[in-house]
Every structure is written in structure tokens, then in C-alpha cells.
Amino acid sequence: MSGIDYWLADRRRGQETRFIKRFAPTHWTVNFPRPMMASVVTTAPDTLRVDAVFYGSGDLAGLIWEAEDQWSHPLLAYETARDFRRCVLSFRWRSGGLRRLDETHGPTLTIEGRDAAGTPRAWYVRLWNYAEGSPEDAEVRIDFGDVQGGYLLPDEADPVWAGDVDRMFVSLVAPDYDAGDTPFAAGVEGWAELSAIRCDGAGSVLAVGDVLLPEHGLSMATGYDDCFNQTPERIVQAIHALGYRGAINHYVGMSHYFRLERAGEGLYVSLAGGVLNAPCAVWHADFARRAKALGMGVIWSLSYELFDAHCWNDWKQRAGNGDPALTGWSPPSTLLSPAHAGAMAYLRAVALAFVGLALAADMPVSFQVGEPWWWVMPGDGRICLYDEAARAAFGGDPVSIPNVRGALDAGQCALLDQAGAVLAASTAALCAAVKAAAPGAVTHLLAYLPTVLDPLAPEAKRANMPVGWAAPAFDVLQLEDYDWVTEGRPSRTARGVELATARLGYPAGEQHYFSGFVLLPEQAAGQWSRIAAAAQAAVARGTAATFIWALPQVCRDGFTCFRLDGEDDMQAFDDVLFPIAIGREASVAPAFSTRVVESPSGHEQRSSDWADARLNFDAGPGVRSEADIAALIAFFRARRGMARGFRFADPYDDRSGDPVGPLDQRLGTGDGVSTEFQLMRHYGAGEEAQARRITRPVAGTIRVAVDGVELTGGWHHAGLGVVAFDEAPTEGAVLTAGFRFDVPVRFAEDRLDINRATFAAGEAPSVPLVEIRE
């Protein structure tokens, strides 16, 4: 089946390049230790700005240039050039709220690499030694061929050998920095601007990828927690260059956007002085502006997830024994309780802050409520419905649900329904606040199917996919299921999408799908093919937008999409039945392809090219009236002649047995791992039986048995005759099935000849059909 053409690029192989100056503002990054925050943006072609907020006397941010491009997609990366000796860097330095250039621990250029003998080491170049002007407004010039480390020159000179550099960074610290661990009473904000950045010399030019892939129909998802260290200009240009269009689904994150206030020994999220910390606000304002300039929108995604260390304890969802809901990230995040008024008010304030940035950029507002749910402990299935606010909302003493997996009684199901109603009310209030600020806003709900539709927890959807989310609660339903995708379970995806669509009522045209992501680089080779296939399947079912999640993994692994084929083999089949009831008057001709070689002695060698017969039908004898002729012509035109396939009921062979029973046909043998098995119709007995693959079973007729016992649940038809079990059948289990089926066919010709006179004389028209392989 055709689909997405892609390549995992590890480097450029003849693709277009251009040249940039070394130390180009777009390609600097920042880094820093928690809990401080910093960001870098470009404000002019030769200017960058760093904003930072410090919470303790040991906080230090680095403005970084790396000799090897660690962050770009391989087709967009700049060349690795470690020899800085033939470069002269100059810029104007301006700053505020930081240690000044002339102070101890003032801005210092740290150069990391190896000396002339190849020994790893670092040099510390005090910028004030190479500056002219005032301590907060100066011209800086550094000749890497003749530069000295050390605080006082020439007394403490430490000559730099810049011939083998890994990276360099400028350190930025608060005025009260002392390299210690004294907490500040409140966050201290500072900024630095490097303008008129210029690099001269023979080594000042770097080759950089200049690839511009054609639009391929996919969109991109990313997140601030993963790209906060890069400039928005670099991020948005990469998305556009790699062929992604439409809106960027941008997760604002759970660990980098907030302001913090000190309470006792900890720092907790705060609205004091504003909603977003200054580095985050500056970064996202520029991000919105850059996206708009390239004709792309932004879907601002806000989740109920928050970095645990900075979350107020009474905001957290909790299990029955008081354990907080903690994710598997390290360090962990937690989940906010939908029942806690303070937590939900905080989320609304954050949402409005990002809506304000979109409005300031004169962009249409699109807002996503990202994966809102009541957390289920992965290990033992405890659902976190028991924080104090939730207990109060559920009447003070809710029933215990020690494990949401498996069968639950009526009282437990009622509690899950209550929890779903509270969750739905919280998301409704969040979206209402957004629409009050931006009446034309488009609202989205992102649901993570492997959790909210866990086959082992069939009742969990009461709480985590509540009926209060049914259309038109949101404008768009967004679905993701990356665990199922990367595990190679497309049937789970198909079933999950089907269940979510049936439960919430959003048609495919009002849905988005997120395909990905690859957690570890060593998983790339196997998992990107599955991600591409899942994305193609989403397009095939008519999903309004399909996103790749996420940009950092795309860049890390070099995922490069060339073409998205929206008219693949699956779409060339219309799942409709031939419209004329032909009874047993149609003719059928099974055909094999066999090559026969005859020796001079008369002996033969026969080679069968096909494992299964291909059927040819003539449905003409079933045409009995002018009404049948009209129906046939309309059906022929809708199929565009031979172009599109359809179902045909073979009057001679359309069922696994008569009557149909669950033991009719062999389905397979369990191995404890496989969950999907293809329906087969066998002709003959034993090992020599000819096996026919059944791809178009009649809906509602499949019956399945394991070891002779019919199953009433625990499986579903995943499409194309694949029976998918919720859990892998045990090793050695004998699987059988019974079913009725149709044959996938197409018209054998692009021309349909019907003569009214001969038909009136009793001569049936010829309507040849040919079976198609699926």
C-alpha cells in the first residue's frame, strides 16, 4: 500500500546549502539549572536578547554557541567547525538586572575544548578585559587567535588555544550571586542584549542546510519544555523548511512557564507580579510573531499537568491512601485536581495569558485542553479521585476504587460518572474563559486513548472520557495514542478512534490525530515506520489535520517526510455492496496462474504463481429491469469504472460454514504475544488445504472461539478481516472463527455496454467483475 515516503536522514547527501556567519544570533541557545528560567530570542538579524529570572545565589544561566550543531535537523544543521582561531567576534553588550561586566563573577566567556596537545580543558575569558565602554553598555571584541583567559591581565593571563573547541558560553548571574545556595526572597529578573553581532576572519563562514521540502499535508506538534533553549526563529523556520503547514500545536509545557513564590523551604507556582515568568512571555510573544510571518497558526496547548516540586500540595490529585498522582518523568510531574477551585482558577489565568499573546500578535486564537484526566496509577490501577477537594465534590466519603481495572460495581461506576461530570465542568469553564476573552476562539480537546480507553479498565472512560465532552462541547476532538502506535498495534488505534468517535460524536472532519513519538534514539528505525503508517491511516479516514509529535524527535532522528499520498490503495475501495440482487444467476470463474514445463519425455514440472485463486464474475444475468439498469449505471459512474473497488456477494461461496459457527475455520494459535489474526477460509483438509485470505467479512457476522469456547467480548474486528484481541491469547491456545464474507471486486472494464433493444428481447448485458487483492 502506498503512503508516506520518508527518510531518516543522518546527514546531508548533496542537498542544498547556504552560508551563515559563525555566531549567527538564530543559533545560540541557553541553559540553566532549576528552578531558574531563561530564554533567548532574536530581535534583529544581528541581535539577540536573553531574559532570565533567578531564585537563589547560585543560579547561573549560560548563553551558548556549540561547535557542533546539536539541535537542528541534519538537513538544516550548520557544519561542525571546532577551529575558532581565524575568527574575530565583536558585539555591543547591554544588560540590566545582572552582575555587570566589571564585577567579580560578571559575564565571562567560558571556552571548552582541548589544548594543542589534545588535553581536555576550559578557559575563562573575562569579557570586561575585551570591552570598551561602561559596565552595562560596551563594545566587546575577541580575536580567538590571540585571546587570554584569567581575571586580571597580564598578571593572570592564561593563553587560549582555540583550535579544538566544543562549545563556549557567556555566564549570566544575578547581582547577589555568590556560587552558594542562599534562596532569594523573590525572583530576580535580568536581561542581556548582544547587538551588532559580527564575525570576521577566514573561519567566519559556516555551511548550513538550505533544504525546503514541499508541503506534504502533515502538521507539527512541539512543546516549550523541549525547545525553550532555542530561539523561536530557529524553531519556526525549521518546521516550515521541513514541509509542515497549518497550525503548530504548541504545548506550553508543565515546567517552564510559571512564576514562583517562596513558601517555607519550597518554591510554588504563583500569580504574584503576573502569570508567566518574563523569559517565557518574551519567548512566546516572539514565537507567535514568527509563526504568523510564515503563514502558520498556533494551537496553544495547556494541560492539567504541573511540575510536582512547584505544585501546591492541596492542588494535587491523590489516591485513596493520600499518595499524590505522579507521572513517570524524572523528576516527576503531577496532575491538578479538576475539583480544586484554586488550581482550576490558576489554569484559567495561564490560558488567558497565552490567549493575550496570540491577540497581541493579531493571530486567530486556537486553544487546546491537553490530556485532562483523573490519573490512574500505572502499577496497580488506583485512580486518583481522593484529594480533599474531590472528596468534598463527591459527597465527603466516596466509595473506594482500589483498582479501576476489571469489573466494578454500581456504586463504583456511579463515582466514576461523578468524576467525569466534574472533569467536564472544569474543561467547560476553561474553554468558556478563553471564548470570553476571544469570542472567535477555536477550542480543542486532546485525549490520550491508551489511558482513557484502556481495554483493561473498560469503565475508566466514565471518568476520563465523560459524556459531557460530547459534541459540541469543543470545536475539535484531538486524539493521540503513541504507545499503541510504537508498539505496532494499529488495530488498537482503529478501535480507539472508533470508540471515541461513537462516544463523543465528532466526525472525522472535526478531529485531529497525533502520530508519534519516539522516546529513545535507538528506537528510531523501528518506530518511525509505524508512526508514518499511523499518520497515513489518519489521513485516509478523513481526519481534518494530522500532527507529528514532536519536533525534537524529528530533528534528533532526521525524520524527513517527502510525500503524503492521500489517495492510497485503501481509499480506492468503496465499502459498499454491488446494488443488484443477482441470486444464483451470475457466473463465476475461479482462476489460478500455473506455469507448466514439459520435458522431451513427456514429464511435467508445474509451478503455481498464485497461492489463491482469483475470481471473475459476470453479474449481467442479475439485471432484470430498467430500474436495475439505472441502478447499475449510477453505481458504475460512482466507481469511476475500474478505478474503485466495492463488495460483491458471491452467490456460491459467501460463508465459513452452513450454518455459521465459531469453530468453522482455523484462525491461528496463540503465542502469548500476538494480538492480531487474519480471517482465513480453507479449502481442503490438513496441511495441503488451500488458504484464502478474507478481507471483507460481513459486519456483525464474525464469531470467535478460543480452545472451543466462544468469546462474547475481548476482541473486535480491526478492519480488512483482522481479528484483534484485547490481550494476546496464551501460548498454544487454538483460535477459530466463523463468518460471512463478501468479495472485493472492481469492474473489469472502463466501458459498460447495454443495448436497450437486445435487453428488451431477453438478452442479459455483460457486466464483468474481477476480484482485487487486498
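Two strands count as paired if DSSP finds at least two bridges between them, and strands here are DSSP runs (E, at least two residues), numbered from the N terminus. The model is predicted: local features need pLDDT of at least 70, side-chain atom pairs count only at pLDDT 80 or more, and totals for chains, interfaces and linings use all residues. Residues are numbered from 1 along each chain as its sequence is written, and side-chain values use heavy atoms, with hydrogens and water left out.

View 1. Gln665 sits opposite Ala737 in β44. Four bridges join β36 to β44 (residues 734-738), and the two strands run antiparallel.

**View 2. The open sheet around that pair.** Four strands line up in the order β36-β44-β40-β41, with antiparallel pairing. Why is one side of β36 (665-669) and of β41 (709-710) left without a neighbour in the sheet? Both stand at the edges with a single partner strand each, so one side of each has no neighbour there.

**View 3. A hairpin made by β42 and β43.** Strand β42 (residues 715-719) runs antiparallel to β43 (residues 722-725), and four bridges join them. Trp715 has Phe725 as its bridge partner in β43. Two residues lie between the strands of this hairpin, and Leu720 in the turn has a positive phi of about 55°.

**View 4. Where domain 1 meets domain 2.** The domain assignment, which is automatic or from a database, puts domain 1 at 17-209 and domain 2 at 219-562. Domain 1 brings 30 residues to the contact and domain 2 brings 34, with contact meaning heavy atoms within 4.5 Å. Together they bury about 2,600 Å², 59% of it on carbon and sulfur atoms; buried area is the accessible area (1.4 Å probe) that two parts lose on being put together, summed over both. On the domain 1 side, Arg34, Trp71 and His73 lose the most area to domain 2, together 22% of what that side buries.

**View 5. Charged links across the domain 1 and domain 2 contact.** How many salt bridges are there between domain 1 and domain 2? The count is two, where a salt bridge is a side-chain nitrogen of Lys or Arg within 4 Å of a carboxyl oxygen of Asp or Glu. Zoom in on Arg259 and Glu189, and you'll find their side chains meeting in a salt bridge at 3.5 Å, N to O.
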